Amino acid sequence: MSLRIGKLAERTGSSVRSLRHYESQGLLRSTRTSGGHRVFDDDAVDRVVYLQHLYRAGLSSRAILEVIPCLDTPSVLSSEAAFDRLVQERDKLRAHRNQLTRTLSALNDLIAYNRAHRPSQDA
């Protein structure tokens, strides 16, 4: 059985625009009918749901392209590569979070200093 893009969108809770984007990024494949309509295999539903999880986790299309082979050609090697890439993305997010925490702390210090050294309104 095959699904047209609208039906795939409906079954995955995704937008048609997102599905077209996934396809343009090489993350999702379709064939075309003689009338030019996109047609997807039933396994596209699981793939789109997985892509949605990866995007929600903050991965870019480029990072997802490195993770997705574990679905296409499952093996110890592709699984390990996907695991390593996910760990790398997590570590990058942690480093970013830590930098944001330091920046927030510095901003709070500046606000406290400003508050302590503001001239009084009576002057």
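These questions and answers cover the pocket, a surface patch and salt bridges of a predicted model.

Biologist: Which element gives the most to the lining of the largest pocket?

Modeller: The largest pocket holds about 180 Å³ of space. Two elements give two or more residues to its lining, β3 (38-41) and α3 (44-56). With three residues, the largest contribution comes from β3.

Biologist: How many residues of that lining are charged?

Modeller: The lining includes Arg29, Asp41, Asp43, Arg47 and Asp72. Beside four nonpolar and two polar residues, the number of charged ones is five.

Biologist: Is leucine 107 buried, partly exposed or exposed?

Modeller: Leucine 107 belongs to helix α6 (residues 76-116). With Leu110 and Ile111 it forms a nonpolar surface patch of about 280 Å² accessible area together. Buried would need under 20% relative accessible area and exposed over 50%. Leucine 107 has 46% relative accessibility, so it is partly exposed.

Biologist: Which residue forms a salt bridge with arginine 11?

Modeller: Arginine 11 is partly exposed at 45% relative accessibility. The N to O distance is 4.0 Å, and the partner is aspartate 42. This pair links distant parts of the chain, helix α1 and the loop between β3 and α3, 31 residues apart: arginine 11 and aspartate 42.

Biologist: What is the N to O distance between glutamate 10 and lysine 7?

Modeller: Both residues lie in helix α1 (residues 5-12), three residues apart, about one turn of the helix. Glutamate 10 is exposed at 57% relative accessible area, while lysine 7 is partly exposed at 41%. Their side chains meet in a salt bridge at 3.4 Å.

Note on methods: Residues numbered from 1 in each chain as written. Predicted model: local features only at pLDDT ≥ 70, side-chain atom pairs only at ≥ 80, totals over all residues. Heavy atoms only, no water. 1 Å grid on protein atoms, 1.4 Å probe; cavity = no way out; pocket = protein on both sides within 12 Å on 5 of 7 lines; lining within 4 Å. Points joined across faces, edges and corners; volume = space filled by probe spheres on them. Helix = DSSP H or I, 4+ residues; strand = E, 2+ residues; numbered from the N terminus. Nonpolar A, V, L, I, M, F, W, Y, C, P; charged D, E, K, R; others polar. Patch = residues over 30% accessible without salt bridge, like charges linked within 9 Å, V, L, I, M, F, W, Y side chains within 5 Å. Areas by Shrake-Rupley, 256 points an atom, 1.4 Å probe, with all protein chains shown as cover. Buried < 20%, exposed > 50% of the residue type's maximum accessible area, 1.4 Å probe, protein only.
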